[in-house]
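Hi everyone, thanks for coming. I'd like to walk you through one model today, so please have a look at the screen.

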Amino acid sequence: MQASNYNVYGISATQLPNESLGLSGLDEGTVQAPTAYTSDWTMRSYVGRFNYNFKSLYYFTASFRADGSSRFFPGHRWGYFPALSGAWRFYNEGFFRNLGFLSDGKLRLGWGQNGNNRVGDFDAYSTITLPISMSYPINNVPIRGAGPTAIGNPELKWETTEETNIGLDLGFLNNDITLTTEVYRKNTKDLLLRADLAPSTGYASAFKNIGSVQNEGLEFTLNTKNINKKNFQWSTSFNIAFNRNKVLGLNESQNFMLTNIRWDNNWQNVPAYIAKVGQPIGQMYGFVSDGVYQLSDFVDNGNGTYTLKADVPNNGNSRANIKPGDIKYKDLNGDKIINSADYTVIGNGSPKHQGGLNNNFNYKNFDLNIFFQWSYGNDILNVNRLMFEGNGLNKSFLNQFASYNDRWSMTNQESINFRTNGFFGGGYSSRYVEDASYLRLKTVSLGYNVSKTGLLKAGIKAARIFASGQNLITWTKYTGMDPEVNTYMSALTPGFDWSAYPRARTLTLGINLTF
Amino acid sequence: MKYIKYFFILILVISVSSCKKFLDTKPTDFLAPETYYSTEDQLNNALMGVYDPLGWETMYGNNLFANLTICTDESFWNRAAQTTGTQVNVFDYSNIDVANLWAACYTGIERANMLIANVKKPQMDEAKRENILGQAMFLRGYYYFLLATNFGGVPLKTVPQPSVSNPVYINVPRSSIKDLYTQILSDMTEAEGKLNTITVNGNPGYISKTACQGILARVNLNMAGFPLNETARFAEALSWAKKVEASGEQTLNTAYNSSLTNSAYSQIFINQMRDEYNIKESIWEVEFYGNRISDAFVESGRLGNTIGLAFSPSVDSPDSLGYSYGFANTTRRHYLRYDNADQRRDWAIAPFRYNNTAPYARVNWTASTIYNRNVGKWRRSFEKLTPKNKNYTPTNFPLLRYSDVLLMIAEAENEVNGPTTTAYNALNQVRRRAYGVSLAAASPTADAPAAMGKDNFRTFIQEERSRELCYEGLRKYDLIRWGIYVARMNEIGNEMANDPTNTAFKWGGLGGQSVSEKNVLLPIPSTEMSVNKAITAKDQNPGW
């Protein structure tokens with residue numbers, strides 16, 4: 001049984017005449033709306049578990065839990081989550097023991113469910129509130145207004161994840177080489193998410209169980225002790241993971257769901273990602289870039305003005321406003337008008353595979369660690385370029401990337417960048433989608449342990465001198481600061497780069513002394 | 001072969017009954033709709049919640065007199081750098097101002113639906129209950145009217161949102177524009193019988209009977225024009241507008257405070273800035289309050305600040321004048337609508353600017369500097385409340401003035417019976433006030449040319465509405481209902497871009513030139529279309 005109670009009370013004031021009085025001076029200022037917030041939740045769980053081990057050869061575990069949460073309405077409160085797992089340590093069978101080269105072997109099987117109730121304590125309820133912002137003045141006297149500020153969802157229930165996995169652990173040559181192989185499939189259904197509602201409902205969003213997704217993957221980990229001498233050891237660890245996800249279903253018989261990213265006022269209503277049934281969860285969504293309009297797309301009026309030819313599609317802007325050098329998009333439905341009907345999938349933020357390679361060396365008192373990390377096949381939507389490579393937001397006095405020095409003009413018609421003021425939005429485009437595959441020398445660290453003999457006299461038990469560096473070298477085609485970014489991190493919106501703080505290249509020199 | 005030797009039986013006893021109470025937490029921080037609406041006070045608070053969206057910046061706090069409606073034949077957006085957005089008619093269905101207007105209307109509608117559904121709950125005086133219900137019904141009708149004139153047919157719902165997951169209630173298709181207007185008329189007509197008179201209310205903030213009648217006249221005029229073109233509605237409009245006239249509650253303002261100004265016309269707007277009221281002329285206002293400095297309320301708007309007489313000193317502005325961006329300037333065409341004796345011109349269009357450096361002197365514009373002139377109806381120097389917030393004003397926005405009602409009488413009478421004495425009388429009262437002469441006596445300077453034919457009278461009214469009501473958020477919708485919006489906007493755009501006397505503001509033609517047939521309606525916003533499966537690309541307004 002668990003319960004939690006949460007209370008917050010506060011007042012604030014502005015325009016303090018005597019700031020130096022601190023909190024005591026609050027009453028002299030303009031008092032702002034006070035804060036008073038209380039909340040609570042309770043939970044009751046029952047767990048049963050059964051373990052069985054037969055001669056270190058067969059292992060079996062079964063468990064069952066029932067969780068009841070106050071966050072859901074009666075009828076949806078209880079979630080029941082069974083789990084089973086078994087293992088066969090076949091190495092302990094005589095046949096495998098006698099093979100000689102094998103030093104360990106185990107086959108694992110697992111299946112289980114678990115639940116998630118991560119929503120607000122009362123998100124299932126509709127609310128009437130009286131925030132100060134809902135006041136309305138009559139006869140120049142503001143009167144508090146009351147109204148529905150959130151709509152509840154009495155049907156809200158537990159999110160359930162069901163995972164099946166098969167694993168094989170092998171050890172060779174006295175476990176100098178170990179290989180772990182893991183295959184898993186994880187289906188999550190009744191995902192708890194704050195889902196957008198059509199504004200015509202009168203509400204922006206509500207918590208819902210919105211659908212189901214599948215994650216599956218194959219992962220290998222190989223550890224080897226390459227050299228194991230008295231003065232010199234070298235061990236290597238290598239792992240690679242192939243993970244895939246896809247949308248299995250969305251509620252209310254939707255076949256896709258769009259997600260906007262609120263990185264800028266003018267772009268907060270433009271869909272950036274699509275989750276489509278049968279496809280990966282977070283796919284980038286928008287126009288296919290078609291370079292820039294060239295003179296050949298226009299009829300030359302002879303007086304320095306150009307009229308777009310009738311068979312050339314617009315870019316969302318009205319045809320009369322389009323000039324040579326403007327941004328151009330592919331007209332997918334052939335109606336010569338670029339609008340939301342021309343959106344398509346333009347990128348995928350999830351990698352095809354990723355992994356790491358770690359090497360440890362020890363030579364006498366020296367130790368050296370070198371760690372590489374990579375990711376392959378994922379895209380990043382680099383909206384920094386939208387802002388700084390052509391001023392897509394149309395801001396005054398905004399400096400631009402050096403790459404925008406090369407831009408389309410009558411004397412530079414080969415440029416792939418549109419002319420000054422040549423941007424027109426209405427959608428993200430493949431122009432800003434970049435391959436973010438990378439290989440990165442993540443860590444190198446070199447250490448030296450000073451031998452004890454001399455130190456003990458100085459009263460020092462141990463001393464270590466070390467130098468280490470992080471994020472030293474990155475090999476990537478990505479033009480942004482850091483291919484590992486993810487500004488609006490969520491399963492629905494992977495790989496979005498908007499003025500992310502890049503990972504720092506860190507160099508450390510140090511001495512550890514133990515007295 | 002090995003056999004499993006042990007069997008375990010796992011028994012879980014879940015005593016559901018004992019858990020029930022433990023898991024029954026109740027919200028302690030907010031009230032539930034099921035328990036609210038149970039006293040008269042709670043109904044009154046809920047009613048203020050229904051009014052509240054009117055004052056948002058996405059509505060009459062800014063956008064409905066600025067971003068969404070300022071680009072007409074009366075004015076243009078006074079920023080050369082503004083090359084996209086509703087201000088210059090270069091935008092698409094993802095535009096934020098469009099989405100915000102849509103959402104604000106539906107927020108108001110949902111709050112009204114909740115109140116209307118629960119209005120019978122408390123025990124209270126029946127007349128007071130009826131008055132609350134009347135206001136809620138009127139406001140629901142008004143929010144739908146805003147949706148109808150801006151978007152055409154829209155999802156129509158008259159009960160509180162019943163579910164967040166049932167597809168029937170979350171994917172609501174667009175109704176026909178006809179059905180939408182039927183609902184608007186039904187709400188407002190029923191409300192009319194329940195509302196207090198403006199004299200009883202004593203202020204223009206609450207909806208009064210005459211406010212409802214005047215807006216019903218406006219709704220009927222819209223139905224009589226594009227896109228429904230139900231010409232029989234002119235008679236309905238006439239009948240509602242005449243009820244306002246016959247009520248004896250409303251008259252034109254003819255007085256002014258000579259220490260502040262020199263015309264009765266300007267006094268109306270000065271009152272709005274000073275939180276003073278003239279309920280005879282100003283029938284319904286969106287009320288704004290405060291400066292967001294002296295207390296925690298956020299009920300101030302941007303009238304006079306975005307659209308106003310520009311004043312932007314680099315250091316803190318003195319409270320005497322008040323900061324303003326001056327985002328809207330007059331068109332030459334609008335300036336030329338007035339003759340020199342018309343007192344409205346130099347009030348609606350500021351004839352001077354302020355120097356932005358101390359001592360902040362006035363600099364008069366010359367005859368060749370017309371496009372430079374800011375919209376001057378609301379000038380922050382008149383605000384009484386200090387300190388003045390840089391970006392927010394307490395100035396009320398006029399939603400219905402009696403001069404509008406008179407011009408609606410003139411217009412509808414002309415359509416029904418031709419330019420009769422009734423039509424002329426209504427028109428000339430408005431003009432006589434504008435010239436500062438007696439309302440009762442014929443005036444050769446003020447009165448409209450006699451013996452105009454029906455068509456000429458119509459054209460004259462179209463110009464007169466602009467002279468009287470410019471910058472009050474009405475022009476765009478008037479031009480649309482008259483069916484002349486696209487042609488007029490293209491005309492004004494080309495006029496500005498090609499006017500040889502206009503060298504400094506040629507770019508100001510962009511807004512007019514960018515208008516095409518699609519612009520008679522706004523697009524259904526992407527926020528709706530991406531979630532509401534009953535509105536697909538083929539249901540979008542034409543051309544968007």
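How near do the axes of H6(B) and helix H8 of chain B come, and at what angle do they cross? Before I answer, please keep in mind that this is a predicted model. The axes of H6(B) and H8(B), the latter spanning residues 209-224, come within 9 Å, and the crossing is at roughly 160 degrees. Angles over 145 degrees count as roughly antiparallel, and therefore H6(B) and H8(B) are roughly antiparallel to each other. Their crossing is left-handed.

Let's see who takes part. From H6(B) we have Tyr181(B), Ile184(B), Leu185(B), Met188(B), Ala191(B) and Glu192(B). H8(B) answers with Lys209(B), Cys212(B), Gln213(B), Ile215(B), Leu216(B), Val219(B) and Met223(B). By class, that contact between H6(B) and H8(B) has ten nonpolar residues, one polar and two charged.

Now, H6(B) has another partner. Helix H4 of chain B, residues 126-151, packs with H6(B), residues 177-192, at an angle of about 155 degrees, and the two axes are 8 Å apart. H4(B) and H6(B) are therefore roughly antiparallel to each other as well, and H4(B) passes H6(B) in a left-handed crossing. On the H4(B) side, the residues involved include Gly134(B), Met137(B), Phe138(B), Arg140(B) and Gly141(B). Among those they meet in H6(B) are Ile177(B), Leu180(B), Gln183(B), Asp187(B) and Glu190(B). This contact of H4(B) with H6(B) divides into eleven nonpolar, three polar and three charged residues.

Staying in chain B, let's turn to the core. The largest nonpolar core holds 150 residues, and Ala136(B), Ala237(B) and Ala241(B) have the most contacts inside it. A second, separate core has 52 residues, including Phe122(A), Phe287(A), Leu386(A) and Val164(B). Back to Ala136(B): if we leave aside neighbours within four places in sequence, Ala136(B) is in contact with Leu47(B), Val50(B), Ala112(B), Leu115(B) and Ile116(B).

On to the place where the two chains meet. Chain A puts 80 residues into the contact, and chain B puts in 76. Which element gives the most to the side of chain A that touches chain B? That is S4(A), with eleven residues. Other elements giving two or more residues to this side include strand S5 (58-69), strand S11 (147-150) and strand S15 (205-209) of chain A. By class, the side of chain A that touches chain B has 34 nonpolar, 38 polar and eight charged residues.

I'll finish with two residues of chain A. Is Ala275(A) buried or exposed? Ala275(A) is buried, because 26 other C-beta atoms lie within 10 Å, and 20 or more is the cut-off for that. Ala275(A) is found in strand S19, residues 271-276. Its C-alpha atom is separated by 6.4 Å from that of Leu258(A), 17 residues apart along the chain. Beyond its sequence neighbours within four places, Ala275(A) is in contact with Val247(A), Phe256(A), Met257(A), Ile281(A), Gly282(A) and Leu492(A).

Arg505(A), by contrast, is exposed, with 11 other C-beta atoms within 10 Å. You'll find Arg505(A) in the loop between strand S32 (496-497) and strand S33 (506-514) of chain A. Not counting residues up to four places away in sequence, Arg505(A) touches Gln470(A), Asn471(A) and Leu472(A).

That's my tour, and I'm happy to take questions.

Key:
Residues numbered from 1 in each chain as written. Chains lettered and ligands numbered in written order. Predicted model: local features only at pLDDT ≥ 70, side-chain atom pairs only at ≥ 80, totals over all residues. Core = buried A, V, L, I, M, F, W, Y, C linked by C-beta atoms within 7 Å. Buried ≥ 20, exposed ≤ 12 C-beta atoms within 10 Å, placed from the backbone. Contact = placed C-beta atoms within 7 Å. Helix = DSSP H or I, 4+ residues; strand = E, 2+ residues; numbered from the N terminus. Axes fitted to C-alpha atoms, helices over the stretch in contact; angles between N-to-C directions. Parallel < 35°, antiparallel > 145°, perpendicular 65-115°, else oblique. Left-handed = near helix turned anticlockwise from the far one by under 90°. Nonpolar A, V, L, I, M, F, W, Y, C, P; charged D, E, K, R; others polar.
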